[in-house]
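Please keep the sequence and the three-dimensional view at hand while reading.

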Amino acid sequence: MIDRIKDRVMQEAQYIYETHSTIRKTAQIYGVSKSTVHNDISKSLEKLEYDLYLSLKEILQENFKQKHIRGGKATKEKYMSNNRGNG
């Protein structure tokens with residue numbers, strides 16, 4: 001694996017580990033696609049740092065369980081901000 005890619009994988013992994021960030025947010029921070037982050041974490045990291053991979057797997061599973069809640073909150077905020085000027 002190319003050193004540049006290894007560095008990116010480790011930076012993304014460390015960021016998610018420290019912040020419990022989502023794949024989408026991590027992709028925005030590092031300027032790559034969600035697919036890239038997902039592949040980096042689920043495939044490349046497993047080969048590089050297996051223990052860190054297992055830790056991140058738990059974090060990402062927790063994020064997945066909460067995603068419907070975050071989506072509902074985002075939708076509510078969107079409609080609340082749209083209705084403020086219409087009253």
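Axes are lines fitted to C-alpha atoms, for helices over the stretch in contact, and angles run from 0 to 180 degrees between N-to-C directions. The chain is a predicted model, in which local features need pLDDT of at least 70 and side-chain atom pairs count only at pLDDT 80 or more, while totals for chains, interfaces and linings use all residues. Residues are numbered from 1 along each chain as its sequence is written, and side-chain values use heavy atoms, with hydrogens and water left out.

**Overall composition**

- The chain contains 4 helices and 0 strands; helices (H or I, at least four residues) and strands (E, at least two) are DSSP runs, numbered from the N terminus.
- Read from the N terminus, the order of elements is α-α-α-α.
- Of the 87 residues in the chain, 22% count as buried, where buried means under 20% relative accessible area, exposed over 50%, and partly exposed in between (1.4 Å probe, protein chains only).
- Among contacts (heavy atoms within 4.5 Å) between residues at least 6 apart in sequence, 57% join residues at least 24 apart.

**Helix α3**

- Helix α3 covers residues 34-48, and its 15 residues should span 21 Å at 1.5 Å a residue; the expected span is 1.5 Å times one less than the number of residues.
- The end C-alpha atoms of α3 are 20 Å apart, which agrees with that expectation.
- A kink of about 35° is centred on D40 of α3; the bend at a residue is the angle between axes fitted to the seven residues ending there and the seven starting there.
- The buried residues in α3 include V37, D40, I41, S44 and L45.

**Packing of the helices**

- Two packed helices are described by the angle between their axes and the distance between the axes.
- The axes of α1 and α3 cross at roughly 100° and come within 9 Å.
- Helices α1 and α3 are therefore roughly perpendicular to each other; angles under 35 degrees count as roughly parallel, over 145 as roughly antiparallel, 65 to 115 as roughly perpendicular and the rest as oblique.
- On the α1 side, this contact is made by K6, R8, V9, M10, E12, A13 and I16, and on the α3 side by T36, V37, D40, I41, S44, L45 and L48.
- By class, the contact of α1 with α3 has 8 nonpolar, 2 polar and 4 charged residues; Ala, Val, Leu, Ile, Met, Phe, Trp, Tyr, Cys and Pro count as nonpolar, Asp, Glu, Lys and Arg as charged, and the others, Gly among them, as polar.
- Helix α2 (residues 23-30) packs against α3 at an angle of about 110°, with their axes 8 Å apart.
- Helices α2 and α3 are therefore roughly perpendicular to each other.
- From α2, the residues I23, R24, T26 and A27 make the contact, together with K34, V37 and H38 of α3.
- The contact of α2 with α3 has 3 nonpolar, 2 polar and 2 charged residues.

**Individual residues in the helices**

- K6 lies in helix α1 and is partly exposed, with a relative accessible area of 29%.
- Although K6 and L48 are 42 residues apart in sequence, their C-alpha atoms are 8.0 Å apart in space.
- Not counting residues up to four places away in sequence, K6 touches M1 and L48.
- F64 belongs to helix α4 (residues 50-83) and is exposed, with a relative accessible area of 58%.
- The C-alpha atoms of F64 and T22 are 8.6 Å apart, while the two residues are 42 residues apart in sequence.

**Individual residues in the loops**

- H20 is placed in the loop between α1 (3-19) and α2.
- H20 has a positive phi of about 55° although it is not a glycine.
- At 48% relative accessibility, H20 counts as partly exposed.
- V32 is found in the loop between α2 and α3 and is partly exposed at 24% relative accessibility.
- Leaving aside neighbours within four places in sequence, V32 contacts R8, E12, A27 and V37.
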